Amino acid sequence: AGDGPAGDKDGEEGISRSKSESGPDERQDTKRLMPYSALHRGVLEVLSVDDDPVNQLVVDDLLAREGYVVTTAMDGNEALAIMRSRNYLPDVILLDSQMPGKHGYQVCIELRSGYPEWLPILMVSANSDEDNVLKGFRAGANDFVKKPFVRAEVLARIQTQLRLRDMWLKDVHESDQRYNVMQELQTFIDTANAPIFGIDASGKINEWNHKSAAIMGFLREEAFGRDLVKDFIAQEYQARVQEILQNALRGRETANFELTLSNKAGQQVELLLNATSRRDVHGRIVGVVGVGQDITERKKVEMEKARVAHELRTFIDTASAPIFGIGVDGTLNEWNNKAEELTGFSRAEALGRDVRELIPEEDGKHQLWSVLSRALQGSEEGNFESSITTKDRRRLELLLNATARRDIEGRIVGVIGVGQDITEMRRLMKQETL
C-alpha cells in the first residue's frame, strides 16, 4: 500500500547506501544529460513516483493546469527504469517516501549516486515530523512536500527548486567555460614554439612550457618553485632582470629586452623577452609572464659577423697597400691608413669627397672614372694604371684593381679600389728611357 491523500505509512527502514542492480545505466554518461525543458522549448516535466493512483491523479490535475507534463511511475523500480531508458532527465521528481518494494529513500539515494546534483528531488510524505524530514534530506532530497497537497505550496516549492536548478546550471556552464578557456590557454602555452615562463610575486617559477624545458634543459618539475633570477640568470644580468620583473609586478611592463640565462649544461641562452604582468580575476597583479624568442643562434651569427667585420676593418686599415672605396655616386666612403700616408689626406678629409677631385687634370678624369663606372655595373678590372693628386699636389702613380662592393642581397653599392704605389718604379723607368 502507498500513501493516501491524508495518510502515510512511513516505517523506520534503514537506508542502504549500496547501489542496486536497478540503478542508472552505467553505459550512459548520465551526468551530462539535459533536462526535458531544454529539449522541448521550455516545457517542464515532472516525474511523479507514487504507488497510489489517487495521489497520481491529484498531482496530474494540479500540475497539468500549470502547463507541466506529468510522467507517472507506480514504484521505485519503474521510476529507475524510466530514468535509464531516456537520454534526458525530468525537470523535477516528486518521490513518495513509502512504496512497496523499494521505498523512496533508497530510490533517492540511487538517483543521487547516478545523476547530476542539479536534478531537483522533492520527497513527498504525510509524515512531516522532524526525523522523517531529516531522513529525506540525508537521502539526498532537495525539499519536502507534505500530504495532503496544498496547491500553492506545491507549486511554490517546485518553482523554487527550478530556480535553484537554473542557477546551478548557469554556474556550472560558466565554470565549464572558464575551465575550457583555461585548458585551451594552458595547451597554447605548453605547445607554443616560444619559451614561456612565469613567476609569482616572490619571483618563484610557476609557469614553464615545453619550449622553455627544451632550451634550458630543466623539466617543468625541476624548474617549478625555483628563484628565476638567482638560479637561472647570469650574475652580471641579475640586477637588471630583477628591476624589469619588479616593474612588471608594479604594472610597468617591458618589451623586447635581451636576457641571458644559464641552461642545465652551463651554457648561455640568449632570449628576446616581453615581461607582462599576470593578473587574477579581480585584476590584481599576482606575477609576471615572460614570452620570449630564442636568439642564441642569431646572437652567435651577429657576433661572428661583428668579428669578421672587425677583422676586415683592421685588415683594410693596416694593409700595406692603399685602399679606397666609393659609393654609386662616386663619393669616397673608404680610406685606409696607407691611403692617408701616401696622399696626405686624412680619413676625415677624404671621406665624402668626389673621387674625381683627386684625378690630375692632365690625365683627364674620364679614364679612372670610366674604370670605376664599369665596376659599378659589375664589370671589374684589374691591374690598370692610374694617377691621383696628393694633398701637396704631387702626382701619385698607382696600379689598381677595381672590385664591385655588394650588400647582403647581392646588389652593387660601390667599388673598392686596392692599389700599389708605382710612383718610384715609373720614375726609374722614365730615367732609363732618357
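**Close-up views of a predicted model**

**View 1. A strand threonine meets a glutamate.** The side chain of T71 makes a polar contact with the side chain of E45, at 2.7 Å. The model shown here and in the other views is predicted. T71 is part of strand β2. Is T71 buried or exposed? T71 counts as buried because its relative accessible area is 18%, under the 20% cut-off. Setting aside neighbours within four places in sequence, T71 is in contact with E45, V46, L47, S48, I82 and R86.

**View 2. Five strands build an open sheet.** The strand order is β2-β1-β3-β4-β5, and the pairing is parallel. The edges are β2 (69-73) and β5 (143-146), each of which pairs on one side only. From one strand to the next, the twist averages 25°. Strands of a sheet pair through backbone hydrogen bonds, either parallel or antiparallel.

**View 3. Strand β4 runs beside β5.** β4 spans residues 121-125. How many bridges does the β4 and β5 pair have? There are four, in the parallel sense. Within this pair, V124 stands opposite V145 of β5.

**View 4. Two helices lie across the sheet strands.** Helix α3 covers residues 76-85 and lies across β1 (45-49), β2 and β3 (92-96). The angle of α3 to β2 is about 125°. Helix α6, residues 151-191, lies across β3, β4 and β5. Relative to β5, α6 runs at about 165°.

View 5. The bond joins K147 and P148, with omega at about 0°. P148 sits in the loop between β5 and α6. Most residues other than glycine have a negative phi, and most peptide bonds are trans.

**View 6. Two residues other than glycine have positive phi.** Phi of R41 is near 55°. R41 belongs to the loop between α1 (36-39) and β1. With a relative accessible area of 87%, R41 is exposed. Phi of N256 is also near 55°. N256, however, is found in strand β8. Why does N256 count as exposed? Its relative accessible area is 56%, and the cut-off for exposed is over 50%.

**View 7. A loop lysine contacts a glutamate.** K264 lies in the loop between β8 (254-262) and β9 (268-279). The side chain of K264 makes a polar contact with the side chain of E222, at 2.7 Å. Apart from neighbours within four places in sequence, K264 is in contact with M216, G217, F218 and E222. K264 is partly exposed, with a relative accessible area of 47%.

**View 8. The largest cavity holds about 100 Å³ of space**. A search of the whole structure finds four cavities of 30 Å³ or more. Which residues line the largest one? The lining is P322, F324, W335, A339, T343, V355, L358, L368, I388, L396, L398 and L400. Helix α12 (337-343) and strand β14 (395-406) each supply at least two lining residues. β14 gives the most, with three residues. Rolling a probe the size of a water molecule over the atoms shows where empty space is left.

Key
Residues are numbered from 1 along each chain as its sequence is written. This is a predicted model: local features need pLDDT of at least 70, side-chain atom pairs count only at pLDDT 80 or more; totals for chains, interfaces and linings use all residues. Side-chain values use heavy atoms; hydrogens and water are left out. Two strands pair if DSSP finds at least two bridges between them. Axes are lines fitted to C-alpha atoms, for helices over the stretch in contact, and angles run from 0 to 180 degrees between N-to-C directions. Contact means heavy atoms within 4.5 Å. Buried means under 20% relative accessible area, exposed over 50%, partly exposed in between (1.4 Å probe, protein chains only). A polar contact is a pair of N or O atoms within 3.5 Å; within protein, one must be able to donate a hydrogen and the other to accept it, and residues adjacent in sequence count only if both atoms are side-chain atoms. On a 1 Å grid over the protein atoms alone, a cavity is a set of points where a 1.4 Å probe fits but cannot get out, and a pocket is an open set with protein on both sides within 12 Å along at least five of seven lines; lining residues have an atom within 4 Å of a point. Grid points are joined across faces, edges and corners, and a volume is the space filled by probe spheres set on the points.
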